[in-house]
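Biologist: Could you walk me through this model, starting with the strands and then turning to the helices and the rings?

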Amino acid sequence: MEKGPLIERFNSMFGTGPARLFIAPARVNLIGEHTDHQGGYVLPCAVHLRSACVVRPREDHLLRMAASDLPGIVEADIRDLSGYALIPWGAYQIGVAHIMQEKGYRVTGMDMLFDETVPHGSGLSSSAAIEVVTATVIATLSSETAGTPIDFPELSVIAQSAENDYVGMNCGIMDQFASAMGKKDHAIFLRCADLSYRYITADFRSSGITLMICNTNKPRALIESAYNERRAECDIAFRAVKEEARIEYLAQLTPEAFHRFKYNIEDPVARKRAEHVVYENYRTIQACTLLEERNFDAFGKLMDDSHNSLRDLFEVTGKELDAMVEAARAQKGVLGARMTGAGFGGCAIALVRNEACGDFIRNVARIYNEKTGYNAAFYPAVVSDGACEVMID
Ligand code: GLA
């Protein structure tokens, strides 16, 4: 929904008066998949799809929330936000508010209308965008009272703990960090072990390349349990090598060290998971250099290798993502393609030369549909800024 209609909708639900608008973007991860939860490197960028929140403070103790795609108004009492984790929707927002209260942010009563352009369940981090937009609203209102600056990396950590501790999904930090810290035409080279980061120019457009998001539209089922299972398997591998290899987290293993110590990992599944993490982390470091050098051909090859490893070693791709990536790679003008995000459905990304995009969409849509029966959707990504307030004129 555009800015004007969104404000009108808000006013019709909550009455007229001054209101403010905030947005937080979705992300794609260029490379560095399933490395964040092992302290490794990731290379995500924020994109144009976003979560928006129109907000107006209230004088009482109520958080009243509406969403443009969901019925009804959810109400929570800010004097005790601890018990809302299982409500039909709104737990991400209330979880963020709850954690921010505990951290000393001032959470007032508010009317809020949420509106998403991120397709839900597409693996583009719609939940992180909702968490981060909520955190940005609260931090902005709170810091205006306290006169303190907004600490966006801290907001990403708060958003992650809302998801881990309040909602119960054991995700890493990548999605929330990308949504909070994104920068137009840049990727974020983030070291998840300590949240040190560097922006890397990712201006594909001026090199005649489109970063194409390819949505499998396969509903992602049981993703939470499969995700947590992968994390547990990585943990088995880590515990088997940590003392001898003297590492504090799995992604700290270099490929050489992995070969030295891999036989300590008796469980063959855990060994495969670790092999993915180690090499994916190494690829991400290489990919960052290639992106800086604007060597998109070599970068695309690493994207291909990343997908293959997620398919064969980490086993999170599935039939639909594999069909999409295979169809994408077979097209002219494609430099590389891989799944992005947690996997098990959701989206792939491909680097496609601009002049090839029309044929790419037509052919991939057809081949993918023939193989899977699903209709794909395609969104050329605009690499965008992170969470912010949007001025209402
Ligand atoms: C999901 C999680 C992230 C990350 C990716 C896989 O998007 O939220 O923290 O682990 O999967 O790279």
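Modeller: V334 stands opposite V352 in β11, where strands are DSSP runs of E with at least two residues, helices are runs of H or I with at least four residues, and both are numbered from the N terminus. This is a predicted model, in which local features need pLDDT of at least 70, side-chain atom pairs count only at pLDDT 80 or more, and totals for chains, interfaces and linings use all residues. Residues are numbered from 1 along each chain as its sequence is written, and side-chain values use heavy atoms, with hydrogens and water left out.

Biologist: Over how many bridges do β10 and β11 pair?

Modeller: β10 and strand β11 (residues 347-353) pair in the antiparallel sense over 6 bridges; two strands count as paired if DSSP finds at least two bridges between them.

Biologist: And in what order do the strands of that open sheet come?

Modeller: The order is β10-β11-β9-β12, 4 strands with antiparallel pairing. β10 (334-340) and β12 (377-380) are at the edges with a single partner strand each, so one side of each has no neighbour in the sheet.

Biologist: Which helix packs on the sheet?

Modeller: Helix α11 (residues 357-372) does, touching β9, β10, β11 and β12, with contact meaning heavy atoms within 4.5 Å.

Biologist: Switching topic, which residues of α4 and α5 meet?

Modeller: F152, P153, S156, A159, Q160 and E163 in α4 meet Q176, F177, A180 and M181 in α5.

Biologist: What about rings, how many aromatic pairs does a search of the whole structure find?

Modeller: The search finds 6 aromatic pairs. Rings of Phe, Tyr and Trp (its six-membered ring) pair if their centres lie within 6.5 Å, and planes under 30 degrees apart count as stacked, over 60 as edge-to-face and the rest as tilted. One of the pairs is F10 with F14, which is tilted, at 5.0 Å centre to centre and 45° between the planes.

Biologist: Where do F10 and F14 lie?

Modeller: Both are in helix α1 (residues 3-14), 4 residues apart, or about one turn of the helix. F10 has 0% relative accessibility and therefore counts as buried, a word that means under 20% relative accessible area, with exposed over 50% and partly exposed in between (1.4 Å probe, protein chains only). F14, at 12% relative accessibility, also counts as buried.

Biologist: Why is the pair of F204 and F296 called tilted?

Modeller: Their ring centres are 5.6 Å apart and their planes are at 55°, so the pair is tilted. F204 is in the loop between β8 (196-201) and β9 (209-215), while F296 is in helix α9 (residues 296-312), 92 residues apart.

How values were computed:
Axes fitted to C-alpha atoms, helices over the stretch in contact; angles between N-to-C directions.
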